[in-house]
Amino acid sequence: MNRVFVCSCFGVTEEQVRSHADAGACTPRQIASACKAGTDCGGCVRRIQALLGRGSRPRRQLVDQGGRPLTAKLPEAA
Ligand code: FES
C-alpha cells in the first residue's frame with residue numbers, strides 16, 4: 001500500500017484528507033475537525049491547503065465559514 005502521510009503528528013494520509021474533502025470539508029479547519037490533522041504542530045496545514053485547492057471540487061464560500069482561522073501551537077522561535 002502506498003500511503004503518503006500529510007500529518008505526521010496524527011498519522012493522517014493524503015487519501016484520508018481527500019476522503020474528508022469529498023465528504024464536504026473544504027477548509028483546513030474542517031479537516032482538523034474531522035481528523036485532528038493540523039491541530040498539533042501545524043506543520044501540515046499548508047499541505048492540507050494545497051490538497052484542498054486541487055481537483056475539480058467546487059469551493060464553497062469561505063466568507064460564511066465564520067469563526068477564527070485555524071490556530072495551532074507553533075514552536076517558539078529560537
Ligand atoms: S504534522 Fe500535522 S499537526 Fe503536526
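User: At what angle do helix α1 and helix α2 pack?
Analyst: This is a predicted model. In it, helix α1 (residues 14-22) packs on helix α2 (residues 28-35) at an angle of about 110°, and their axes are 10 Å apart. At that angle α1 is roughly perpendicular to α2, because 65 to 115 degrees counts as such.

User: Which residues of α1 and α2 make the contact?
Analyst: From α1 they are Gln16, Val17 and His20. Ile31, Ala34 and Cys35 come from α2.

User: Back up a bit. What is the order of elements in the chain?
Analyst: Starting at the N terminus, the order is β-β-α-α-α. That is two strands and three helices.

User: Which residues of α1 are buried?
Analyst: Val17, His20 and Ala21. Seen down the axis of α1, these buried residues fall within an arc of 105°, so they line one face of the helix.

User: What do the buried residues of α1 pack against?
Analyst: Their partners are β1, β2 (12-13), α2 and α3.

User: What follows α1?
Analyst: Gly24 does, with a positive phi near 125°.

User: Now α3. Which of its residues are buried?
Analyst: Val45, Ile48 and Leu52 are buried in α3. They sit on the same side of α3, because the arc they cover around the axis is only 60°.

User: Why would residues three or four places apart point the same way?
Analyst: An α-helix has 3.6 residues a turn, so residues at that spacing point the same way.

User: What is on the other side of α3?
Analyst: Arg46, Ala50 and Gly53, which are exposed. As for the buried residues of α3, what covers them includes β1 (5-7), α1 and α2.

User: Where does Thr39 lie?
Analyst: Thr39 is in the loop between α2 and α3 (45-53).

User: Is Thr39 buried or exposed?
Analyst: Thr39 is buried, because it has 21 C-beta neighbours inside 10 Å and 20 or more are needed. In sequence Thr39 is 30 residues from Cys9, while their C-alpha atoms are 8.7 Å apart in space.

User: Last one, on the chain overall: what percentage of residues is buried?
Analyst: 22% of the 78 residues. Of the contacts between residues at least 6 apart in sequence, 55% join residues at least 24 apart.

Technical notes:
Residues are numbered from 1 along each chain as its sequence is written. This is a predicted model: local features need pLDDT of at least 70, side-chain atom pairs count only at pLDDT 80 or more; totals for chains, interfaces and linings use all residues. Axes are lines fitted to C-alpha atoms, for helices over the stretch in contact, and angles run from 0 to 180 degrees between N-to-C directions. Helices (H or I, at least four residues) and strands (E, at least two) are DSSP runs, numbered from the N terminus. Angles under 35 degrees count as roughly parallel, over 145 as roughly antiparallel, 65 to 115 as roughly perpendicular and the rest as oblique. Two residues are in contact if their C-beta atoms, placed from the backbone, lie within 7 Å. A residue is buried if 20 or more other C-beta atoms lie within 10 Å of its own, exposed if 12 or fewer, and partly exposed in between; C-beta atoms are placed from the backbone. The arc is that of the directions from the helix axis to the C-beta atoms.
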